[in-house]
Amino acid sequence: MRFAVVACVLALSTVTFALDNGLMRTPPMGWLAWERFRCDIDCEHDPKNCISENLFIDMADRLAEDGWRELGYVYVNIDDCWASMERDTQGRLQSDPKRFPGGIRKLARYMHDRGLKLGIYGDMGTHTCGGYPGTPLDKIEIDAQTFADWEVDMFKFDGCYSNATEQEQGYPLMSKALNATGRPIGYSCSWPAYQGGLPPKVNYTQLGEICNLWRNYGDIQDSWDSVLYIADWFFANQDVLIPAAAPGQWNDPDMLIIGNFGLSMDQSRAQMALWAIMAAPLFMSNDLRTISSGARVILQNKMAISINQDPLGIQGRRIVKEKSGIEVYWRPLSNNASALVFFSRRNDMPYRYQTSLSKLNYTTGSYKIYDVFNDKGSTLKDSTDFVVSVNPTGVVMWHVSAPAKLGQRQFYGGGKLQGPTYHHHDNAIPPSFL
Ligand code: GLA
């Protein structure tokens, strides 16, 4: 009897901790081809930008030589349209021979030789979203083994061309199959994005056990509208999403599009700040060969990255939504520190927003403030009213280090902050920040 109980507990524990790869204790960072380069396979006319081994080699060189790798941007991830339309004679996926003449394994070696990692893309279904060969249920084991043989470090499993029942089987099966290869492979699941992203259809407890990250929602496009649309969904559903995130398991609002064509510098800082607050994976999808220095400075901001990468891995939340269009976001960090983002939805001019740390639920004390994008430090008492000037569709981001503990409980209790923070203040003129 005792043996039966022990066996049962053992069996349960292997089921519960299916994904035990120890990876991605902080949100993964790197580069991902899709948003910027899509399914451009016209190497004859567009050799620089087509999905080919040269593109990934170029990006690896930039990551290694332009200071990205040292900041944590180490994944170079292939997305759709890399495969040949036919499996090989042994039923394995293979890369397009013209565009990847060296093969994926050689590409992985190229990354590893430079302290980088290689990610690849597949699809739980008959075809990928771009129409390339998919990984239906009966191909899961062979494909996981192929990726391990190639020494791939991360795998994104998309969900086009499969139904809910197949996905329910396929995503956990792939997790097991990847584990069974013995190679640590970060596992990115698009499953929730195909199920509306919310319970009861989506089971975030299960996702945390089988995936390292997961796409909850729609694809990002190169526009501010798209960034805002995604951020709005994530913060509207923050009470469901925040508990799902932890070291090794992350919500993924999709790629950083900073450095492309759609965002102003203020909007770029806003995406960086909100993705850091959300503890989001930081996968840039841009052209690192031609990126502007302005965009690079934002993506390489050490303080923003360290906030994103905080080891506690607690996803932050929106704590204030003012009628004026100003919103405040907050994320608790290790060592009693925290991050604050003041964000403006306005379209007129910089808005002077007045508040105080105590109104933002900070406990009594004097705090060290560091302005993330202006490289300026200062100290501030909780009770002192201050003003931040927030540009239209822009942010002011602070790292706050606290001598005293934060009053976190209120935020986790009902989700919404009660009291005067929601009202306009008509105090006397406060000290101005910035
Ligand atoms: C889906 C995914 C995208 C990308 C494309 C590729 O739309 O959500 O991120 O991988 O497929 O076809």
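A disulfide is taken here as a pair of cysteine sulfur atoms within 2.5 Å. The model is predicted, and by this rule it contains 4 disulfides.

**Disulfide pattern**

**Cys39 and Cys81**

- Cys39 is joined to Cys81, with an S to S distance of 1.9 Å.
- The torsion about this S-S bond is about -115 degrees, and the disulfide is therefore left-handed.
- Cys39 lies in the loop between helix H2 (34-37) and helix H3 (53-65), while Cys81 lies in the loop between strand E2 (75-77) and helix H5 (104-113), so the link ties together parts that are 42 residues apart in sequence.
- Buried means under 20% relative accessible area and exposed means over 50%, with partly exposed in between.
- Cys39, at 30% relative accessibility, therefore counts as partly exposed.
- Cys81 has a relative accessible area of 1% and is therefore buried.

**Cys129 and Cys160**

- A disulfide connects Cys129 and Cys160, with an S to S distance of 2.2 Å.
- This link of Cys129 and Cys160 is right-handed, with 100 degrees about the S-S bond.
- The pair links distant parts of the chain, 31 residues apart: Cys129 is in the loop between E3 and helix H6 (140-149), and Cys160 is in the loop between E4 and helix H7 (164-180).
- Cys129 is partly exposed, because its relative accessibility is 33%.
- Cys160 is buried, because its relative accessible area is 17%.

**Cys189 and Cys211**

- Cys189 and Cys211 form a disulfide with an S to S distance of 2.1 Å.
- The torsion about the S-S bond of Cys189 and Cys211 is about -95 degrees, which makes the disulfide left-handed.
- Cys189 belongs to strand E5 (residues 186-189) and Cys211 to the loop between helix H9 (204-210) and E6, so this pair ties together parts that are 22 residues apart in sequence.
- Cys189 counts as buried, at 0% relative accessibility.
- Cys211 also counts as buried, at 0% relative accessibility.

- A search of the whole structure finds 1 cavity of 30 Å³ or more.
- The largest cavity has a volume of about 100 Å³.
- It is lined by 14 residues, of which Leu32, Met154, Lys156, Ser188 and Asp252 are the closest to its centre.
- Strand E3 (117-123), strand E4 (154-158) and strand E6 (213-215) each supply at least two residues of the lining.
- The largest share of the lining, 3 residues, comes from E4.
- By class, the lining of the largest cavity comprises 7 nonpolar, 3 polar and 4 charged residues.

**The protein as a whole**

- The protein has 15 helices and 16 strands.
- Of its 434 residues, 56% are buried.
- Among contacts between residues at least 6 apart in sequence, 74% join residues at least 24 apart.
- The protein exposes about 18,300 Å², and carbon and sulfur atoms supply 53% of this area.

Definitions and conventions. Residues numbered from 1 in each chain as written. Predicted model: local features only at pLDDT ≥ 70, side-chain atom pairs only at ≥ 80, totals over all residues. Heavy atoms only, no water. 1 Å grid on protein atoms, 1.4 Å probe; cavity = no way out; pocket = protein on both sides within 12 Å on 5 of 7 lines; lining within 4 Å. Points joined across faces, edges and corners; volume = space filled by probe spheres on them. Helix = DSSP H or I, 4+ residues; strand = E, 2+ residues; numbered from the N terminus. Nonpolar A, V, L, I, M, F, W, Y, C, P; charged D, E, K, R; others polar. Buried < 20%, exposed > 50% of the residue type's maximum accessible area, 1.4 Å probe, protein only. Contact = heavy atoms within 4.5 Å. Areas by Shrake-Rupley, 256 points an atom, 1.4 Å probe, with all protein chains shown as cover.
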